[in-house]
Amino acid sequence: MAKLKLGAVEDDKPIKLTHELPASVHRDLVAYAEILAQETGQPIQDPAKLIAPTLARFMAADRSFRKARRAHHRAREGEGSAPRAT
């Protein structure tokens, strides 16, 4: 059995987006959903539900993104603080 990067899909409050996918990406998404359903034993009614966890997994695995996000967060925290006396 294949070891896929995604596990069971969590049910979370969604934010609706509309986006067009290339047909080849949609075909791959459907195939991924079928294989994931076999692996987890959870049928996936709508392959589009895999887009969010796939994107989240991709961003979580991107070290440059995580580093830049932490730096951005630290910079924003520093904006609201008063200057220190030296």
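Figure 1. Leu55, Phe58, Met59 and Phe65 make a nonpolar surface patch of about 380 Å². The structure shown is a predicted model. Helix H2, which spans residues 51–61, supplies the largest share of this patch, with 3 residues.

**Figure 2. Phe58 in helix H2.** Phe58 is one of the residues that form the nonpolar surface patch. Is Phe58 buried or exposed? Phe58 has a relative accessible area of 55%, and because exposed means over 50%, Phe58 counts as exposed. In soluble globular proteins, nonpolar side chains tend to be buried together.

**Figure 3. The largest nonpolar core.** This core has 6 residues in all: Leu4, Leu6, Leu29, Ala33, Leu36 and Leu50. Buried residues make up 9% of the 86 residues in the protein chain.

**Figure 4. Surroundings of Ala33.** Ala33 belongs to the largest nonpolar core. Which residues does Ala33 contact, leaving aside its neighbours within four places in sequence? They are Ile44, Pro47 and Leu50.

**Figure 5. The protein chain as a whole.** The chain has 3 helices and 0 strands, and its elements run α-α-α from the N terminus on. Of the contacts between residues at least 6 apart in sequence, 58% join residues at least 24 apart. The accessible surface of the protein chain comes to about 8,000 Å². Carbon and sulfur atoms account for 56% of that surface.

How values were computed: Residues are numbered from 1 along each chain as its sequence is written. This is a predicted model: local features need pLDDT of at least 70, side-chain atom pairs count only at pLDDT 80 or more; totals for chains, interfaces and linings use all residues. Side-chain values use heavy atoms; hydrogens and water are left out. A nonpolar core is a set of buried Ala, Val, Leu, Ile, Met, Phe, Trp, Tyr and Cys residues joined through side-chain atoms within 4.5 Å. Buried means under 20% relative accessible area, exposed over 50%, partly exposed in between (1.4 Å probe, protein chains only). Contact means heavy atoms within 4.5 Å. Patches are made of residues with over 30% relative accessible area and no salt bridge: like charges are joined within 9 Å, nonpolar side chains (Val, Leu, Ile, Met, Phe, Trp, Tyr) within 5 Å. Accessible areas come from the Shrake-Rupley method with a 1.4 Å probe; for residues, only the protein chains shown count as cover. A salt bridge is a side-chain nitrogen of Lys or Arg within 4 Å of a carboxyl oxygen of Asp or Glu. Helices (H or I, at least four residues) and strands (E, at least two) are DSSP runs, numbered from the N terminus.
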